[in-house]
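Thanks for coming, everyone. I'd like to walk you through a structure that is new to this group. Please have a look at it first.

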Amino acid sequence: MGISEIFIILIPIFFVILLGYLAGYLNVFDKHSSKGINTLVTKFALPAHLFVGVTTTPRDVLIAQWPFLIALILGIFVFYLLIYVVMKFGFKFTLSNAAMFSLNSAQPTFAFMGIPVLGSLFGSEVVAVPIAVTGIVVNALLDPTATIMGTIGQREKVENEKMGKVIIKTFAHGLREPLALVPLIAVVLTLLGFHAPGLLADSFNEIGDVTSGVALFAVGVTVGIRKISFNLSAFSIAILKTIIQPALMFLIAWAMGMSQADTTMLVLLVAFPGSAVAAMIAVRFESMEAEAGSAFVLSAIISVLTLPFLISLLM
């Protein structure tokens, strides 16, 4: 794919992000109102879109996605664990700081940029299942694990029984999140032979079709309302997110013998900027919050350069 074709695809996407950025920077939206946009996307529009995408996918096609799931677990969750070990034992970070640094280095904003970017390259119907699988890995595995580590880090002494309840409650909460629960339900239904009828699909698409534009606008708003702190930790998180993780995912996909299309989707899914959700988890634990917020903005800026390069390299 030529550079001109890539920019024809990406310019409208970054234009909407820029509009959102201006809305946030000019205080048209603040932290409270931007939360409403994020809620619309993550709890209603995107889950509806993914439900239709998965339940209109043939069962055999869905079953064939298991290597994609393994690659995502390695490229996102295991990547998170590796960074955690390095920061905790190599750089002597506290448990909470290591967990939040690693989370923001590993979690992409797949929910907001996956549909518009990958959809433009492959078609929205094709990428619904890969994005749904990513949602399950992130929301049902990565975020609960980081939350548990953050919770442990905030406590000097934790009774085993009490921590057991915390772990169960945290993973249960992760599974209740629409971006994890809805795709999971859709996957189970499809494996059982369910195929969404036209009327049901049209009904879900009424809200699901707004995902692309609203999600991009929400990314821009989130960037616009945050201040950048130029420090080593923020830069390190942004570089890990936009350069190191995609490179690692490429090696994983190559080692697993993935097709060119699957390799491209895997690499781009983790090459997107860091997640605003991960930054909010850092704020919740009052750990690396300034660095996480700054890294989110920096990774968004870096991705303007890295995404066109990766697309031209992979396609």
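Let's take the overall build. What is the secondary structure made of, helices or strands? The protein has 15 helices and zero strands. The radius of gyration is 19 Å. For 315 residues the globule rule gives 20 Å, and the two values are close, so this protein is as compact as a globular protein of that length. Along the principal axes, the C-alpha atoms fill a box of roughly 55 × 45 × 40 Å.

Now burial. Of the 315 residues, 53% count as buried. The accessible surface comes to about 14300 Å². Carbon and sulfur atoms hold 69% of that surface.

On to the core. How many residues does the largest nonpolar core have? The number is 86. Seven residues have the most contacts inside this core: L10, L72, Y80, M100, F101, L266 and L307. Which helix gives the largest share? That is α7, residues 124–153, with twelve residues of this core. There is also a second, separate core of five residues. Among them are V223, A276, V297 and A300.

Let's look at some of these positions up close. F101 first. Leave out residues up to four places away in sequence, and F101 touches I83, M87, F93, S233, S236, I237, L240 and M288. Keep M288 in mind. We'll come back to that residue.

Next, L10, in helix α1. Its relative accessible area is 2%, so L10 is buried, as that value is under 20%. What does L10 meet, beyond its neighbours within four places in sequence? The contacts are V117, L307, P308 and I311. L307 is also on the list of residues with the most contacts in the largest core. P116 is 106 residues from L10 in sequence, yet the C-alpha atoms of the pair are 9.1 Å apart.

Now helix α4, residues 66–90, where I76 sits. Is I76 buried or exposed? I76 is buried, with a relative accessible area of 0%. Setting aside residues up to four places away, I76 touches A106, P108, T134, V138, L142, Q245 and V270. Take V270 from that list. V270 is 194 residues from I76 in sequence, and the C-alpha distance is 7.5 Å.

L74 has a relative accessible area of 34%, so it counts as partly exposed, a class that runs between 20% and 50%. Its contacts beyond four places in sequence are F79, I252 and M256. I252 lies 178 residues away along the chain, with 7.6 Å between the C-alpha atoms.

K92 has a positive phi of about 60°, although K92 is not a glycine. Where is K92? In the loop between α4 and α5, the latter being residues 95–106. K92 is exposed, at 68% relative accessibility.

And here is M288 again. M288 also has a positive phi of about 60° without being a glycine. This residue lies in the loop between α14, residues 276–284, and α15, residues 289–314. Is M288 buried or exposed? Buried, at 10% relative accessibility. M288 is one of the residues that F101 touches.

Last stop, the surface. There is a nonpolar patch of about 600 Å². Which residues make it? They are L18, Y21, L22, Y25, L26 and V28.

V28 lies in the loop between α1, residues 3–25, and α2, residues 31–55. V28 is exposed, with a relative accessible area of 58%. L26 is in the loop between α1 and α2. L26 is exposed, also at 58%. I8 is 18 residues from L26 along the chain, and the C-alpha atoms of the two are 28 Å apart.

So, to recap. The model is predicted. It has 15 helices and zero strands. Its largest nonpolar core has 86 residues.

Definitions and conventions. Residues are numbered from 1 along each chain as its sequence is written. This is a predicted model: local features need pLDDT of at least 70, side-chain atom pairs count only at pLDDT 80 or more; totals for chains, interfaces and linings use all residues. Side-chain values use heavy atoms; hydrogens and water are left out. Patches are made of residues with over 30% relative accessible area and no salt bridge: like charges are joined within 9 Å, nonpolar side chains (Val, Leu, Ile, Met, Phe, Trp, Tyr) within 5 Å. Accessible areas come from the Shrake-Rupley method with a 1.4 Å probe; for residues, only the protein chains shown count as cover. A salt bridge is a side-chain nitrogen of Lys or Arg within 4 Å of a carboxyl oxygen of Asp or Glu. Helices (H or I, at least four residues) and strands (E, at least two) are DSSP runs, numbered from the N terminus. Buried means under 20% relative accessible area, exposed over 50%, partly exposed in between (1.4 Å probe, protein chains only). A nonpolar core is a set of buried Ala, Val, Leu, Ile, Met, Phe, Trp, Tyr and Cys residues joined through side-chain atoms within 4.5 Å. Contact means heavy atoms within 4.5 Å. The radius of gyration is taken over C-alpha atoms; the globule rule is 2.2 Å times the number of residues to the power 0.38.
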